[in-house]
Amino acid sequence: MAKKDKPTFSAGALRRSLSVSMAGVRAGGALAVDGAVSRLMGKSEDDPQSDFARSEAQRFAAELGRLKGTYVKIGQMLALFGEHFLPPVLVDALRDLSDQTEPLHWDALESFVRGSLGARFDELDIDPEAIAAASLAQVHLAQVRATGEWICIKVQYPGLASMIDSDFDAVIKMLVLARWVKSGRDLDHWMKSLRSHLHNEIDYHREALLTEEMGQRVAGLSASGVSYKVPQLHRDYCTGVVLAMEFIEGYSVVDTSIQGLSQQRRNDLGKAMLELFFYELYDWGTLQTDPNFGNYLLQLDDRRKREGNDQLALLDFGSVLDCSDEFLFHLRHTIAASQRQDEPAIVEGLIGLGCLQPDASDEARHMFADFCVHLLEPLRPVAELPAEYLNADGEYCWGRSRLMRRAGKQAAVSAASRHFTTPSRDFALIARKLTGVFNFIAVLDAQFNACDMIESHIAAWQERESRGRT
C-alpha cells in the first residue's frame, strides 16, 4: 500500500479537524436549506429530507471514512446512538461507515510493537500480514517460538490514545457548528458517555481483566447442549497496547455452513445466545454491548449429526457495560412488567431507567410502554405470540418475524414525536445489545419459544430480591 494511502493516526490533527468541520458545515447547510424550502412549500418537519441534503450527509460520512482511525469509530458510535439526537438523514449516512479498513503495513507497526513488548518480542514470530483490521486496531497471528503454539495479537494503532479526545472534540464542534444538535445538558451527557465508552474500548488492561472474568464465568456452563468458549490470554505478551490471546477457529453466524445445519442445531445455537444474554443480565450484571457478528464464532462438533457439543466462542470484551445495581433493578423490573403487559409498572421501570421523566405525558408513557412490549415480543407466552410468525408446531420463527425491522420503524415514529425523551446511554446500550442478540438468532433462522427461559430467570431474580428484603 502506498504511503499516502495509509491511515494517519499521529499527524495532521489540525487538517483532520478542519476537514471534518468543513464537511459538517456543508452538510449542515444543506439540511438547513432543505428545511427552509420545505417550510416555504408548506411541508411538515416529518417529511423526508431532500436528495440534496442526503448526498451532503453522505459526503460527510465519506469524509470520516477517508480520515479513518477514531473518526470512523466515532461515526459508527453516532450511527448506533445518534437516532436519539441527530437528524435521520445523517444517521442513515453514518450507518454506511464500514469498520473494515486497510491495515497498516507491518513496517509501520513493528518498532511500536517491539517497544511495547521489549525482550518478549523476540519470543514470537509474528506474521506481518494482518488477518483483520478495524478502526482502532488490527490483528496478527504469531507463533510462540518455544512451544510452536499459534496465538493472536491485537495491536492498537500507534498514538491512538492521545488523539481520541481531540478527534472527539472536533466532531462535537462540527455537530454544533452545523446546527445538527443544540448545545445543552442532554448533549453534554451523551457526549461524555460516548467519550467514556470510546476510552474503554482502547483500555486493554480493562479488556484483559474482563476477558479473564468472562472465561471463568462460562467455564463448565452450557445451554441446550451448547457450551461457551472464551480465548485464554497469554499474559506474557499483553501490554497497554497489545492484547495476546489463544487463536481459535470457527464459523461466523452468516457462513453458509451454518445455514446448512439442521433446524435443531440452529435452534440450540440460538437458545445459547439468548441464554447468555439472560446470564449477563440476571446473574453477572455485566453485558458485552457490541452486537457485531465478528465478536462471535461458532465451533461445530464435526462428529455431530443431530445432537452433540457445539460451542459459542466469545471473542471481544472491549465494549462491556458494568451496570449499577439500581440500573439493573429497574431494567429487570421493566422486562418483568413487559411480560405481564403491565403498563403502569413498565412506566415505573422506564422512569427509573431515565427514559421517561416523572411528569411525562400520558401519550409518552403509553408510547414507550408499547415499544417495550413490542420489542420483547419473542419472550411472550405462546398464546400471546402473533400467529403469523409461528410454525406448524407453534414455535416462534425468529427470521420470519422481521422483528427488528418492525421495531425500528416504530422507534423512528417514536423519535419523531414531540413526546419523545432521549434515553440514557446505558439504556441505549442495552437496546443495542438486545438488537444484536435477536438479529443473531434471526440470522440462524431459529424457531423456538423463549417464554420459559426468561420466566425462570425472572423468578430466580424475584426470589433473590425477596430474600434480600427479609
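This is a predicted model: local features need pLDDT of at least 70, side-chain atom pairs count only at pLDDT 80 or more; totals for chains, interfaces and linings use all residues.
Colleague: Hi! Let's start with helix 5. How many residues does helix 5 have, and what span does it reach?

Modeller: Helix 5 runs over residues 106-117, so to speak a stretch of 12 residues, and reaches 15 Å from its first C-alpha to its last. That is close to the 16 Å expected at 1.5 Å a residue.

Colleague: Which residues of helix 5 are buried?

Modeller: Trp-106, Leu-109, Val-113 and Leu-117 are the buried ones. They cover an arc of only 65° around the axis, which puts them on the same side of helix 5.

Colleague: Why would residues spaced like that point the same way?

Modeller: An α-helix has 3.6 residues a turn, so residues three or four places apart point the same way.

Colleague: Nice. And what does the face turned away from the buried side carry?

Modeller: That face of helix 5 carries the exposed residues Asp-107, Ser-111 and Gly-115.

Colleague: Which strands do the buried residues of helix 5 pack against?

Modeller: They pack against strand 1 (124-126), strand 3 (137-144), strand 4 (150-156) and strand 7 (242-246).

Colleague: What comes just after helix 5?

Modeller: Gly-118 does, and Gly-118 takes a positive phi of about 65°.

Colleague: Switching to strands. How do strand 5 and strand 6 run?

Modeller: Strand 5 (residues 222-223) and strand 6 (residues 226-229) run antiparallel, joined by two bridges. Ala-223 stands opposite Val-226 in strand 6. The two strands form a hairpin with two residues between them, and Ser-224 in the turn has a positive phi of about 55°.

Colleague: And strand 10, parallel or antiparallel to strand 6?

Modeller: Parallel: three bridges join strand 6 to strand 10 (residues 311-314). In that pairing, Ser-227 stands opposite Gln-311 in strand 10.

Colleague: Now charges. How many salt bridges does the count come to?

Modeller: The count comes to 17 salt bridges. One of them is between the side chains of Lys-73 and Glu-201, at 3.3 Å, N to O. Lys-73 lies in helix 3 (residues 69-81) and Glu-201 in helix 7 (residues 185-201), so the pair ties together parts that are 128 residues apart in sequence.

Colleague: Are those two buried or exposed?

Modeller: Lys-73 is buried, with a relative accessible area of 10%, and Glu-201 is buried too, at 12%.

Colleague: What does Glu-246 meet in a salt bridge?

Modeller: The side chain of Glu-246 meets that of Lys-229, at 3.3 Å, N to O. Glu-246 lies in strand 7 and Lys-229 in strand 6, so this pair ties together parts that are 17 residues apart in sequence.

Colleague: And Arg-265, what does its side chain meet?

Modeller: Arg-265 meets Asp-310 in a salt bridge at 2.8 Å, N to O. The pair links distant parts of the chain, with Arg-265 in helix 10 (residues 263-284) and Asp-310 in the loop between strand 9 (296-299) and strand 10, 45 residues apart. Arg-265 is buried, with a relative accessible area of 6%, and Asp-310 is buried at 0%.

Colleague: Which residues are linked in a network of salt bridges?

Modeller: Glu-110, Arg-114 and Asp-122 are linked in such a network.

Colleague: Last topic, cysteines. How many disulfides does the count come to?

Modeller: The count comes to zero disulfides. As for burial, Cys-152 is buried, with a relative accessible area of 12%, and Cys-238 counts as buried at 13% relative accessibility.

Colleague: Great, thanks!

Notes. Residues are numbered from 1 along each chain as its sequence is written. Side-chain values use heavy atoms; hydrogens and water are left out. Two strands pair if DSSP finds at least two bridges between them. Helices (H or I, at least four residues) and strands (E, at least two) are DSSP runs, numbered from the N terminus. The expected span of a helix is 1.5 Å times one less than its number of residues. Buried means under 20% relative accessible area, exposed over 50%, partly exposed in between (1.4 Å probe, protein chains only). The arc is that of the directions from the helix axis to the C-beta atoms. Contact means heavy atoms within 4.5 Å. A salt bridge is a side-chain nitrogen of Lys or Arg within 4 Å of a carboxyl oxygen of Asp or Glu. A disulfide is a pair of cysteine sulfur atoms within 2.5 Å.
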